[in-house]
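Hello,

Here is the structure I promised to pass on to you. Have a look at it first, and then read on for what I found.

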Amino acid sequence: MADLKVEICGVKLKNPVIAASGTFGFGREYNEIYDISSLGGISTKGLTLEPRQGNPVPRIAEGRSIILNAVGLQNPGVESFIEKDLGFLKSKGVAVIANVAGRTLEDYGNICARLNGLVDFVELNISCPNVKAGGMAFGIRPESIKEVTLISKRALSLTPLMVKLSPNVESIAANAQAAQNGGADCISLINTLTGMVIDIERRKPLIANNTGGVSGAGIKPIAVRMVYEAAHAVKIPVIGMGGIMTGEDAVEFIMAGASAVQVGTANFANANAMPQIIQGLNAWLDRHNIADVKQITGCVKLN
Amino acid sequence: MKDLIAKVKSNQMIAENTYMITFVLPESAGDIRGGQFVNLSVGDSSHLLRRPLGICIAEGKEISVCYQLKGEGTKKLSKIKTGDSLNVLLPLGNGFDLSGYKNIAVIGGGVGIFPLIAAIRENIKHKNFYSYIGFRSKSALCLINEFDKCKSLTVTTDDGSYGKSGNAVDAFFEDVQNLNLDAIIACGPPSMLKSLKEKLLKNAIDVPCFVSLEERMGCGVGACLVCVCKKNDGNNARVCKDGPVFNINDVVL
């Protein structure tokens, strides 16, 4: 049994495997399938100041090795989360990461202020491709990434700030640096890639929103490349995600420079994906006689 | 709710483009109610979404669900052979709660008949069912023997190639005044359920009516908020977790 414990921005995680925002709700449903206290952390469904109803249905479609979604940030609002769900998540002993989105800079400041000191991390969603209020406008260019990070950080005196980066950008390295310069304590990437799937019989896009975020096994090479580039551009910890389905996939991201990983779409394909990824990661380390997962962080050497 | 690896017992075509797959669970998944569904993997890593299919027959550890060939995923599913493993998550959703109702009308259209069959099987000993099931044509007809124990059965086809010409909803409304109903259960295409709702209102029939809805799903367990429907109060409900069975008056169709 390898040592899977990691510490990110002073927060101790029992392993580096975190549920990605939007795929895991607030943990209750998956806790009916397995004990979610076995996870390193849980990033919540994206929260906004007010409840949101999200986009029309259908909100999901499938392509080969990928899915496309446009839920549109349906969520019960930050107050409901604090009142009804935070206590449950805390009781499970997992790192609680509140994923937040806003329409304006003030929204980001306000929602961060509300969560300051209540959760283990605030993860800034500045990259939701599916709604205007998802902060995508802030997540494209380095200048605006720095600005929204500064405002959020100012409101978070007690809680580390994780900035989630969009892959739909010109330079992931420049954007990672912008988050660092704005005061981010760590970054996570990648959010989904904007895509479209067409039903050729109906000659219409398969999801109501027309475009959506592409995720799943098929995007992994893009995500690994971006995690590598971001990790080499900043000094703060990087949390990697994008198409992780197995323990070996997690190893790949960690070698690219990720201190921890997030798992999203795999939960849909396999309800027990996360416990199996943790087990697979441990088994890989054992097979290679590596005592501590931290020994492989960023160990990849370019040809 | 259990995540299990089942063994496939059979996977056969039962009508044009329609298959029934029967699998055996390694352990009991607990009580299963008609209207609940299984989320099953098509057994191919390039298809990341599971297929949510209404449970048709549940006898101990042996479960049968039916599906229509639609795209690559269901085509892949149709190739699964006896003895193959199948990753299944079940039972999901709420199902039909028929406690307290004795005389029940069953209205099904096309592949919508399958969850209704489970509800009939579960309750046939103690309740009276009056069934109206509709198909596109004779070639789509399947499992009508499952309705044998109902007090009455009316089969319709759109093209008149079998049974009564027309649809199940219209056939039901021809009889409704002669039935002393306590409840109605229905499952079928959105247009059918919409027409049912409109006609119940128009004919001032206020018998409780429960419909099972279909929507494209992500997780199938209520976490991802992909498969929502609109409720009359303006809020969203999760088809997979709050449903798939709803009171017809609570949802916007």
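Ile18(A) stands opposite Gly41(A), a residue of S4(A). In this predicted model, strands S3 (residues 17-19) and S4 (residues 41-43) of chain A pair in the parallel sense, over two bridges. They belong to a barrel of chain A that eight strands close, in the order S3-S4-S7-S8-S9-S10-S15-S16, with parallel pairing. On average, and ignoring direction, neighbouring strands there are turned by 25° against each other.

Chain B has an open sheet of seven strands with mixed pairing, ordered S10-S9-S8-S7-S11-S12-S15. Its edges are strand S10 (164-165) and strand S15 (245-247) of chain B, each of which pairs on one side only. Helix H3 (residues 168-175) of chain B packs on this sheet and touches S7, S8, S9 and S10 of chain B; the direction of H3 makes about 155° with that of S7(B). Within the sheet, S11 (residues 183-187) and S12 (residues 209-212) of chain B pair in the parallel sense over four bridges, and Ile185(B) stands opposite Phe210(B) in S12(B).

How is chain B divided into domains? Domain 1 covers 2-92 and domain 2 covers 103-212. Their C-alpha centres lie 24 Å apart, and 14 residues of domain 1 of chain B are in contact with 14 residues of domain 2 of chain B. On the domain 1 side, strands S1 (2-15), S4 (51-59) and S5 (62-68) of chain B each give two or more residues. The largest share, five residues, comes from S4(B). By type, that side divides into seven nonpolar, five polar and two charged residues.

Enjoy exploring!

How values were computed:
Residues numbered from 1 in each chain as written. Chains lettered and ligands numbered in written order. Predicted model: local features only at pLDDT ≥ 70, side-chain atom pairs only at ≥ 80, totals over all residues. Pairing = 2+ DSSP bridges. Contact = placed C-beta atoms within 7 Å. Axes fitted to C-alpha atoms, helices over the stretch in contact; angles between N-to-C directions. Domains from an automatic or database assignment. Nonpolar A, V, L, I, M, F, W, Y, C, P; charged D, E, K, R; others polar.
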